[in-house]
Every structure is written in C-alpha cells, then in structure tokens.
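Dear colleague,

Please find below the structure that I am handing over to you.

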Amino acid sequence: MKQKKLLYAGKAKTVYRTDTKGKLIVEFRDDITAFDGGKKDVLKNKGSYNAEVSAFVFRYLEENGVKTHFVKMLDPRHMVVNELSMIPLEVIVRNIAAGSIVRNYPFKEGSKLNPPVIVIDYKDDSRHDPMLNDDLIVALKLATPQELRKIKKMALEVNALLARLLAAQGITLVDFKIEFGRKGKTICLGDEISMDSMRLWDKKTGESLDKDVYRFNKGDVMAIYNTVATRITRSKKKR
Ligand SMILES: Nc1ncnc2c1ncn2[C@@H]1O[C@H](COP(=O)(O)OP(=O)(O)O)[C@@H](O)[C@H]1O
Ligand SMILES: [Mg+2]
C-alpha cells in the first residue's frame, strides 16, 4: 500500500490518502499538546507508544463486537484505517471525577461516577470545544437522534470493555475521549485510544499513567508511556 496525498495534519497525527480507495494511513507523530494547544512539545517515540496501544485496543474491541476503523499496522507509527466521514464530536466517558469535570462542577476529585457520565463536546478548536447536549447535536445536524443513541451505546460498551482490560493490568480507567464517524450508514469508532486520550491511574499507587504526566510535569512522560504501553499490550497473553 502506498502513502499518497496528505489529507489532514492535526495536532498529533497526520492522515494520508493511499492508492487503495477508502483506506487511509494515519501517522502517529511525536508531537504532544495540552491546554488547547497552549503547551507543545516533541517527545521521541510518543507516536509509536500511542499507535501500539491504539492498535491493540482497536483489535480487542473488534474481537468483542465493536466496529472500528482499524485495518492494520504498517510499521510502529503508521496505521491503515478505513476512511470515515468523521462526526465532529468528542465523546467523553467518565468513571471517576477528575480534570475539567472537577474544575467546572462540584465533584470531588477521585469520587466514583456510577453509572458512568457521558459528556459530548463539539470538536471545534476555534470555539474551544464547547460542551453540547442532545438537542444542540440534533439542531446542529451533527447526528440524528438514532445515531446519537447508537454513539452513546457504543461509548458505554467501549467503556466496559476497556475498563475490564485495564483492570486486569492494575490500571483504573478514570475517563477517556473517543471519536466516531460514518462508513456508509454504519457508525464506527475512529481516531485513537491511547495515553493521550485516556486518563489512567495505577490501581495501587494512584499514580497518573497518561497525558496528565505531561500536562502537570508529574515525571518522565516517555518512561511512563513506555511502561503503560507494555502493561496494556501484555494483557493479550491473559485473554
Ligand atoms: N478513520 C478516519 N477517517 C477520516 N478521518 C479520521 C479517521 N480517524 C481519525 N480521523 C481524523 O484525523 C485527525 C487525526 O489527527 P489529530 O492530530 O488527532 O487531529 P486533531 O488535532 O484534529 O485532533 C482527526 O481530525 C480525526 O478526527
Ligand atoms: Mg485528535
């Protein structure tokens, strides 16, 4: 498969067309950003750690009946995916209160959210990703009510599957963000699931195992990404 024209260069990944119709190559770059682009760095190997975890998680979700865009890895940082017509929603599922939900609402950091809380933001950097509600999503024609129901159902399925996978490795899934798109009429999970898009805490120590290490200078970001990638992908032997 040949990498062709650049389609989109985002904050952390670059998407290319290929010589095969409907297939794209996603390159996971070493760029890392936080705080709406206010903090930026290049961290060697970050892209490949995130790609490895994403590929592993997508395969696991597919095995468990969740439709994703994942096709295969070409090398440690290039993933072949099915082209989706992306829906500009950031679907966030929260199991424990942390991050913006604690800043914006009277939740105590670390308190359990049971049932999990789904928050959906409008993926629009120029507007700083404002929070949406169901009526706004439908009024803006971002998704139909049926699609929205499907998206929420899939988000909760991904949550349950991911939480179980991570718990087996001593990792608590605090929250995560996913993106969806359409392939024809079918809603598929797209984008990535990685240390940049999940908030993970070590079950024993409570230590951050994700981008919070970068956001809040909590330690050696790449050493932690490396360890977490190994821990997560090791779980295949236990399944
Ligand atoms: N299967 C797919 N088909 C088309 N676009 C995709 C697919 N998966 C992810 N994308 C899009 O590719 C881009 C990935 O690059 P990223 O650096 O994450 O961008 P951003 O800064 O917009 O978040 C995102 O805009 C994402 O919505
Ligand atoms: Mg992104």
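Predicted model: local features only at pLDDT ≥ 70, side-chain atom pairs only at ≥ 80, totals over all residues.

Ligand site

There are 16 residues around ligand 1, and those that come nearest are Tyr8, Ala12, Lys13, Lys123 and Glu179. In tyrosine 8, a side-chain N or O atom is 2.7 Å from an oxygen atom of ligand 1. In glutamate 179, a polar side-chain atom lies 2.8 Å from an oxygen atom of ligand 1. Asparagine 82 contributes through its backbone: an N or O atom there lies 3.0 Å from a nitrogen atom of ligand 1. On its own, ligand 1 has 550 Å² of accessible area, and the protein covers 89% of this. Strand S2 (13-18) and strand S7 (78-82) are the elements that give two or more residues to the shell around ligand 1.

Paired strands

Strand S12 (residues 180-183) pairs with strand S8 (residues 85-86) in the antiparallel sense, over 2 bridges. Strand S12 is also joined to strand S13 (residues 186-189), again antiparallel, by 4 bridges. Arginine 182 takes part in both pairings: it is the bridge partner of serine 85, and it stands opposite isoleucine 187 in S13. The hairpin of S12 and S13 has 2 residues between the strands, and glycine 184 in this hairpin takes a positive phi near 65°.

A buried aspartate

Aspartate 175 belongs to strand S11 (residues 171-178). Is this residue, aspartate 175, buried or exposed? Aspartate 175 is buried, because its relative accessible area is 6%, under the 20% cut-off. Its side chain makes a polar contact with the side chain of arginine 94, at 3.2 Å.

A nonpolar surface patch

On the surface, Tyr105, Phe107 and Met131 form a nonpolar patch, and together they have about 280 Å² of accessible area. Phenylalanine 107 is located in the loop between helix H2 (100-104) and strand S10 (112-122). Phenylalanine 107 counts as partly exposed because its relative accessibility is 32%, which falls between the 20% and 50% limits.

With kind regards

Conventions: Residues numbered from 1 in each chain as written. Chains lettered and ligands numbered in written order. Heavy atoms only, no water. Patch = residues over 30% accessible without salt bridge, like charges linked within 9 Å, V, L, I, M, F, W, Y side chains within 5 Å. Areas by Shrake-Rupley, 256 points an atom, 1.4 Å probe, with all protein chains shown as cover. Salt bridge = Lys/Arg side-chain N within 4 Å of Asp/Glu carboxyl O. Buried < 20%, exposed > 50% of the residue type's maximum accessible area, 1.4 Å probe, protein only. Pairing = 2+ DSSP bridges. Near = heavy atom within 4 Å. Polar contact = N/O pair within 3.5 Å; in protein donor to acceptor, adjacent residues only side chain to side chain.
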